[in-house]
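Please look over the structure shown here together with its sequence. The notes below are meant to be read beside it.

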Amino acid sequence: MTQTLNVDPAELAKFSDLAHRWWDPESEFRPLHQINPLRLEWINGLAPLAGQRVLDVGCGGGILADAMARKGADVLGIDLSSKSLKVAQLHALEAQTPGVAYREVSAEALAAEQAGSFDVVTCMEMLEHVPDPASIVRACATLVKPGGWVFFSTLNRNPKSFLFAIVGAEYVLNLLPRGTHEYAKMVRPSELAGHCRSAGLDLQGTRGMQYNPLTRHYWLSSDTSVNYLFATRKAAVGA
Ligand code: SAH
């Protein structure tokens with residue numbers, strides 16, 4: 001069966017071109033390094049990671065996958081950017097991170113192969129880069145075990161998020177390379193909630209990510225107007 005891959009090659013190229021800098025905390029990936037402890041603690045507080053089988057979809061250089069493995073999880077990171085995966089693998093080797101593996105496979109293809117095999121699935125800062133985010137949400141829902149957790153984070157789509165995430169981050173503060181995010185692809189919480197509901201994922205909690213450019217400090221809040229996170233759960237069997 002030939003299936004069109006749910007991927008935009010131009011989006012992958014953006015990340016592949018920068019792949020050698022994934023682990024440089026002062027690079028274009030600085031924001032991801034800075035928000036990593038925040039999202040990690042939020043995830044680990046809701047779904048304690050130690051001993052869990054975890055899948056990280058769109059793992060990039062492995063910033064979150066590596067940190068989840070260090071919490072004692074058995075982590076598989078998947079992405080379609082081979083260069084990023086090589087960097088992730090090399091980092092795990094150099095840093096001697098236990099319990100992390102990487103594979104080049106789409107979420108949809110892995111879902112056809114390993115349905116219901118992960119306790120926790122994470123998919124962070126990735127939905128706004130794919131042609132069909134609903135298909136990724138469905139794949140994540142298939143991959144998680146009944147009763148398991150699926151976490152998403154992405155960028156909201158409204159005038160404020162345009163101003164902060166594109167104009168501010170890419171043009172004023174130069175936090176991200178220009179063209180990193182496309183307005184039309186950003187995902188409203190109501191849209192993501194709809195995709196989750198259709199896929200059988202129940203929303204358990206949301207958080208927003210806040211940034212102060214003067215102090216260069218990030219924190220989590222209840223304001224989901226720009227960057228936000230969703231915690232969802234697949235219904236347990238018989239529930
Ligand atoms: N989740 C990581 C990286 C986010 S950057 C983190 O938050 O730290 C977005 C990542 O999504 C990049 O690594 C890019 O290669 C990947 N990506 C984009 N489209 C994809 C697709 N269709 N399938 C899998 N990964 C994809």
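This is a predicted model: local features need pLDDT of at least 70, side-chain atom pairs count only at pLDDT 80 or more; totals for chains, interfaces and linings use all residues.

Residues are numbered from 1 along each chain as its sequence is written, and side-chain values use heavy atoms, with hydrogens and water left out.

**Ligand site**

- The ligand has 17 residues around it, of which N6, R39, G58, D79 and M124 come nearest (a residue is near if one of its heavy atoms lies within 4 Å).
- On its own the ligand has 570 Å² of accessible area, and the protein covers 98% of it (Shrake-Rupley method with a 1.4 Å probe).
- Helices α1 (9-17) and α2 (30-46) are the elements that give two or more residues to the shell around the ligand, where helices (H or I, at least four residues) and strands (E, at least two) are DSSP runs numbered from the N terminus.
- By class, this shell has ten nonpolar, four polar and three charged residues, with Ala, Val, Leu, Ile, Met, Phe, Trp, Tyr, Cys and Pro counted as nonpolar, Asp, Glu, Lys and Arg as charged, and the others, Gly among them, as polar.

**Nonpolar cores**

- A nonpolar core is a set of buried Ala, Val, Leu, Ile, Met, Phe, Trp, Tyr and Cys residues joined through side-chain atoms within 4.5 Å, and buried means under 20% relative accessible area (1.4 Å probe, protein chains only).
- The largest core has 39 residues, and L49, V75, Y102 and F151 touch the most other members; its largest share, six residues, comes from α3.
- L49 is in contact (heavy atoms within 4.5 Å) with L40, I43, N44, V54, M68, K71, G72, A73 and V120, leaving aside its neighbours within four places in sequence.
- A second, separate core of 30 residues includes L55, L76, A111 and L143.

- Seven of the eight residues of α3 are buried, namely I63, L64, A65, D66, A67, M68 and A69, and what covers them includes α2, β1 (53-57), β2 (74-79), α4, β3 and β4.
- Just after α3, G72 takes a positive phi of about 100 degrees.
- In helix α8 (residues 189-199) the buried residues are L192, A193, G194 and C196, which pack against α6 (133-143), β5, β6 (201-212) and β8.
- α8 is followed by G200, whose phi is positive, near 85 degrees.

- R30 has its place in helix α2 and counts as buried because its relative accessibility is 12%; it touches P25 and R216, not counting residues up to four places away in sequence.
- N156 lies in the loop between β5 and α7 (159-172), and it is buried, with a relative accessible area of 7%.
- Leaving aside its neighbours within four places in sequence, N156 is in contact with residues including S161, M186, R188, T224 and Y228, and its side chain reaches the backbone oxygen of T224 at 3.0 Å.
- Between N156 and A65 there are 91 residues of separation in sequence and 23 Å in space, C-alpha to C-alpha.

Definitions and conventions: Buried means under 20% relative accessible area, exposed over 50%, partly exposed in between (1.4 Å probe, protein chains only). A polar contact is a pair of N or O atoms within 3.5 Å; within protein, one must be able to donate a hydrogen and the other to accept it, and residues adjacent in sequence count only if both atoms are side-chain atoms.
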